[in-house]
Amino acid sequence: IGKYIAQDLAQRNARVILACRSAERGEKAEREIRHWTGNSNVHFRILDTSSLESVRKFTEQIRKEEKQLDILLNNAGASGVTVNAVHPGVVMSEIMRNYNVLLRIIFNLIGIFFFKFSEEGAVSPIYCAVSKEMDGVSGKYIDSDCSLTLPSPLAQDQALAKKLWEVSESFTGLTNDKSQVNAM
């Protein structure tokens with residue numbers, strides 16, 4: 001999905017930074033998107049979101065290289081002004097690429113009939129990033145058909161959200177202290 005989102009933004013002449021954990025796949029995507037769109041302002045940077053060290057290194061690199069960040073799409077929100085949760089739908093992506101062959105075959109057979117293709121899954125995140133209708137909209141849940149809707153009751157559970165926040169702070173070593181966030 002991320003590759004199609006990046007391609008769409010590049011077609012709109014945006015400066016696009018692809019953040020990928022695989023140098024080989026990231027460099028290939030960078031070349032392909034530049035070729036398809038004619039936009040030479042597409043760049044690749046290493047980022048492994050499963051590693052806080054990698055996230056911090058990436059963050060520091062972006063802060064040094066970029067004057068501003070208008071849109072941040074985390075394919076795994078938006079600018080520092082608005083943040084929304086977007087559900088792309090059930091998408092036939094490469095998420096199963098590291099599973100055994102039998103599971104991949106079953107997933108792909110089912111997916112042909114019931115899942116969206118990656119290009120279709122990219123529609124709702126692109127809509128949230130560039131549509132005028134979403135200007136100033138923040139803290140919302142956008143479904144795969146680009147409509148504002150309520151998330152599941154579990155996702156609306158404030159006690160559970162607080163616990164998740166606390167566990168996340170513990171795992172990352174960060175607290176709600178803004179000086180720590182700014183230091184990243």
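**Entry 1: a surface patch**

I started with a nonpolar surface patch of about 1200 Å². Its members are Tyr 99, Val 101, Leu 102, Leu 103, Ile 105, Ile 106, Leu 109, Ile 110, Ile 112, Phe 113 and Phe 114. I noted that this is a predicted model. Then I picked out Leu 102. I found Leu 102 in helix 4, which covers residues 101-114. Is Leu 102 buried or exposed? Leu 102 is exposed, because its relative accessible area is 57% and the cut-off for exposed is over 50%.

**Entry 2: two rings**

Next I looked for aromatic pairs. The structure holds 1. I wrote down what describes such a pair: the distance of the ring centres and the angle of the planes. The rings belong to Phe 107 and Phe 115. Their centres are 5.2 Å apart and their planes stand at 55 degrees, so I call the pair tilted. I also checked the cover on both residues. Phe 107 is buried, and Phe 115 is buried too.

**Entry 3: strands 1 and 2**

I turned to strand 1, residues 16-20. Strand 1 pairs with strand 2 in the parallel sense, over 5 bridges. How does the chain get from strand 1 to strand 2? It passes through helix 2, residues 23-37, and this β-α-β crossover is right-handed. I then looked up bridge partners. Val 16 has Val 42 as its partner in strand 2. For Ile 17, the partner in strand 2 is His 43.

I found an open sheet of 3 strands in the order 3-6-7, with mixed pairing. Which strands stand at the edges? They are strand 3 (85-86) and strand 7 (148-149). Each has a single partner strand, so one side of each lacks a neighbour in the sheet.

Val 83 is partly exposed, at 48% relative accessible area. I checked Val 83 against Ser 118, 35 residues away along the chain. Their C-alpha atoms are separated by 22 Å.

**Entry 4: salt bridges**

How many salt bridges does the structure hold? I found 9. The general idea is simple: side chains of opposite charge can pair when their charged atoms come close.

I looked at Lys 3 and Glu 32 to begin. Their side chains meet at 2.2 Å, N to O. This pair links distant parts of the chain: Lys 3 is in helix 1 (residues 2-11), Glu 32 is in helix 2, and they are 29 residues apart. Lys 3 is partly exposed at 31%. Glu 32 has 19% relative accessibility, so it counts as buried, with the cut-off at under 20%. Lys 3, Lys 28 and Glu 32 are linked in a network of salt bridges.

Arg 34 and Glu 30 came next, meeting at 3.6 Å, N to O. Both lie in helix 2, 4 residues apart, about one turn of the helix. Arg 34 is partly exposed at 31%, whereas Glu 30 is buried at 16%.

I ended with Arg 97 and Glu 94. Their closest N and O atoms are 3.9 Å apart. Arg 97 is partly exposed at 36%, and Glu 94 is partly exposed at 46%.

Note on methods:
Residues are numbered from 1 along each chain as its sequence is written. This is a predicted model: local features need pLDDT of at least 70, side-chain atom pairs count only at pLDDT 80 or more; totals for chains, interfaces and linings use all residues. Side-chain values use heavy atoms; hydrogens and water are left out. Two strands pair if DSSP finds at least two bridges between them. Helices (H or I, at least four residues) and strands (E, at least two) are DSSP runs, numbered from the N terminus. A crossover is right-handed if, with the strands pointing away from the viewer, the path from the first strand over the helix to the second runs clockwise. Patches are made of residues with over 30% relative accessible area and no salt bridge: like charges are joined within 9 Å, nonpolar side chains (Val, Leu, Ile, Met, Phe, Trp, Tyr) within 5 Å. Accessible areas come from the Shrake-Rupley method with a 1.4 Å probe; for residues, only the protein chains shown count as cover. A salt bridge is a side-chain nitrogen of Lys or Arg within 4 Å of a carboxyl oxygen of Asp or Glu. Buried means under 20% relative accessible area, exposed over 50%, partly exposed in between (1.4 Å probe, protein chains only). Rings of Phe, Tyr and Trp (its six-membered ring) pair if their centres lie within 6.5 Å; planes under 30 degrees apart count as stacked, over 60 as edge-to-face and the rest as tilted.
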